[in-house]
Amino acid sequence: MKVLVIEDDNDMASFIEKVLADAGHKVERASDGASGLARARAGDFDALVVDRMLPEKDGLTLLQEFRAAGGTTPALFLSALGDVQNKVQGLRAGAEDYLGKPFAPAELAARVEALGRRQTSAEPPVTVLKAGDLEMNLLTRKVTRGGKKIDLQPREFRLLEYLMRHAGQVVTRTMLLEKVWDYNFDPQTNVIDVHISRLRAKIDKEFGEPLLQTVRGAGYRLQGQG
């Protein structure tokens with residue numbers, strides 16, 4: 001496997017490189033978040049091993065931006081920030097695995113090998129979502145309905161993407177707060193209502209059949225599975 005290690009501590013990076021090289025992997029290194037992101041985007045890697053606390057760009061931001069740009073390489077966070085909350089943050093940022101420091105070399109090697117198996121067996125990434133005549137291109141971030149372009153703000157795009165990934169299913173307010181706004185509680189605001197209203201005006205108002213439905217007492221549902 002070809003592995004990119006993004007770690008600013010030179011001694012730790014050398015140790016990780018030795019562990020993975022001894023396991024038969026080819027290792028490349030980056031010492032800060034900005035160069036790590038650039039290398040991850042440009043290189044054909046099988047796995048990423050990323051520290052959380054990096055100069056230039058922290059690990060969470062690095063991985064979020066990598067995923068937002070369509071990067072699918074499996075990633076393992078390797079960090080001294082090993083409590084449950086930090087692990088949850090790392091996984092929600094797009095990592096497939098999270099290992100706290102200090103760690104056993106054999107466990108690191110085994111977890112990286114598991115990432116490789118996941119990459120090998122993974123289906124090709126979805127780049128276009130469809131719901132009826134509504135279409136979203138995740139690479140170009142272009143949204144159309146019936147061939148007509150729809151301009152969305154970043155949060156509206158994220159909201160619609162989540163709804164389209166769950167087209168035909170009821171999506172609750174709690175699910176939207178957790179997945180679109182990253183809240184793990186209901187702050188008692190009307191933020192969802194406001195964004196749903198704006199989104200409905202853009203994707204339904206000028207078209208014949210409404211796709212975005214309110215399911216009373218439950219949440220919302222986007223009709224028309226692709």
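Reader: In which sense do strand 1 and strand 3 pair, parallel or antiparallel?
Author: This is a predicted model, in which local features need pLDDT of at least 70, side-chain atom pairs count only at pLDDT 80 or more, and totals for chains, interfaces and linings use all residues. Residues are numbered from 1 along each chain as its sequence is written, and side-chain values use heavy atoms, with hydrogens and water left out. Strands are DSSP runs of E with at least two residues, helices are runs of H or I with at least four, and both are numbered from the N terminus; two strands pair if DSSP finds at least two bridges between them. Strand 1 (residues 2-6) is joined to strand 3 by four bridges, and the sense is parallel.

Reader: Which residue in strand 3 is the bridge partner of L4?
Author: V5 stands opposite V49 in strand 3. For L4, the bridge partner in strand 3 is L48.

Reader: Which residue in strand 4 is the bridge partner of L48?
Author: Strand 3 and strand 4 (residues 75-79) run parallel, joined by three bridges. In strand 4, L48 has as its bridge partner A75.

Reader: At what angle does helix 3 run to strand 4?
Author: Axes are lines fitted to C-alpha atoms, for helices over the stretch in contact (heavy atoms within 4.5 Å). Angles run from 0 to 180 degrees between N-to-C directions. Helix 3 lies across strand 1, strand 3 and strand 4, and its angle to strand 4 is about 175°.

Reader: Are the faces of strand 3 covered or uncovered?
Author: Buried means under 20% relative accessible area, exposed over 50%, and partly exposed in between (1.4 Å probe, protein chains only). In strand 3 (residues 47-50), A47 and V49 are buried on one side, and L48 and V50 are buried on the other. Both faces are therefore, by the cut-off under 20%, covered.

Reader: Which strands stand at the edges of the open sheet?
Author: The sheet has five strands in the order 2-1-3-4-5, with parallel pairing. Each edge strand has a single partner strand, so one side of each is left without a neighbour in the sheet; these are strand 2 (26-30) and strand 5 (97-100).

Reader: Which residue in the turn between strand 6 and strand 7 has a positive phi?
Author: Strand 6 (residues 128-131) and strand 7 (residues 134-137) pair in the antiparallel sense over four bridges, with A131 opposite L134. They form a hairpin with two residues between them, and the turn residue with a positive phi, about 65°, is G132.
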